[in-house]
Amino acid sequence: MLYRLLVLALLLWVFHWGRVSIIVVALLLLAVIIIPGFFILRPQTQWWAQDYTITSYGARSQGQLTVPVPVSELPRLVERACAQDAKLGLRELDAQGGRISVGITFSSWGARVRFALRPVSETASQIVATSRPRMPLELSDRARSEGNLSLLFRGVAREAERTHTSLT
């Protein structure tokens, strides 16, 4: 929507439709950006399952997942979860955390997901992740950011369930 208004303002300026039109469009742009910005940037928490929660701040999201496996096994589970979904491009992984890159789509420049791996107990661990768009000016794409984290968390939970089931 913002891009459409910018194109409209550019057309008005190029075709010299008058200063009044440009001022009106500028005021409309400010109203479209500022007023929804107050509502978009409010934190909104979603409980997707008993295992994980995701809190969104506009186009940025943060979440955490607790799984019943030791933290030493968690990097392998993350690697397998990312390998099963082509959308999650694993860029970096070590015992403390890593990075995932989500590619460009028709309506987005992509996203970056960073995560940390933490022990909860000897038999449980937690993955804490944040997702943010590559384009810093993107403010309102909460669904994509939540979807990235949800995809990662569901994949890791599925792999943890397989590991837990095969051990028992």
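Predicted model: local features only at pLDDT ≥ 70, side-chain atom pairs only at ≥ 80, totals over all residues.
1. Contacts of L152. Once neighbours within four places are set aside, its contacts are V78, C82, L88, I100, V113, I127 and A129.

2. The nonpolar core. L152 is also among the residues with the most contacts inside the largest nonpolar core, together with L74, V78, I127, F153 and V156. This core has 25 residues. At least two core residues come from each of the following elements: the strands β2 (52-57), β3 (60-67), β5 (97-102), β6 (111-119) and β7 (125-133), and the helices α3 (74-84) and α4 (142-167). Helix α4 gives the largest share, six residues.

3. Overall architecture. Four helices and seven strands make up the chain. Read from the N terminus, their order is α-α-β-β-β-α-β-β-β-β-α. Of the contacts with a separation of 6 or more, 52% are between residues 24 or more positions apart.

4. Burial and surface. The chain has 168 residues, and 35% of them count as buried. Its accessible surface is about 10,600 Å², and carbon and sulfur atoms account for 63% of that area.

5. The side chain of S150 makes a polar contact of 3.1 Å with the side chain of Y52. With neighbours within four places in sequence left aside, S150 is in contact with Y52 and I54.

6. The structure contains four salt bridges. One of them joins E159 and R80, whose closest N and O atoms are 2.9 Å apart. Why does this pair tie together parts that are 79 residues apart in sequence? The reason is that E159 belongs to helix α4, whereas R80 belongs to helix α3.

7. Taken together, R80, E159 and R162 are linked in a network of salt bridges.

8. A further salt bridge. R99 pairs with E92 in a salt bridge, with 3.2 Å between the closest N and O atoms. R99 is partly exposed, its relative accessible area being 30%. E92 is likewise described as partly exposed, with a value of 39%.

9. Which residues make the nonpolar surface patch of about 330 Å²? They are I104, W109 and M135. M135 is located in the loop between β7 and α4. Its relative accessible area is 33%, and M135 is therefore partly exposed.

Note on methods:
Residues numbered from 1 in each chain as written. Heavy atoms only, no water. Core = buried A, V, L, I, M, F, W, Y, C linked by side-chain atoms within 4.5 Å. Buried < 20%, exposed > 50% of the residue type's maximum accessible area, 1.4 Å probe, protein only. Contact = heavy atoms within 4.5 Å. Patch = residues over 30% accessible without salt bridge, like charges linked within 9 Å, V, L, I, M, F, W, Y side chains within 5 Å. Areas by Shrake-Rupley, 256 points an atom, 1.4 Å probe, with all protein chains shown as cover. Salt bridge = Lys/Arg side-chain N within 4 Å of Asp/Glu carboxyl O. Polar contact = N/O pair within 3.5 Å; in protein donor to acceptor, adjacent residues only side chain to side chain.
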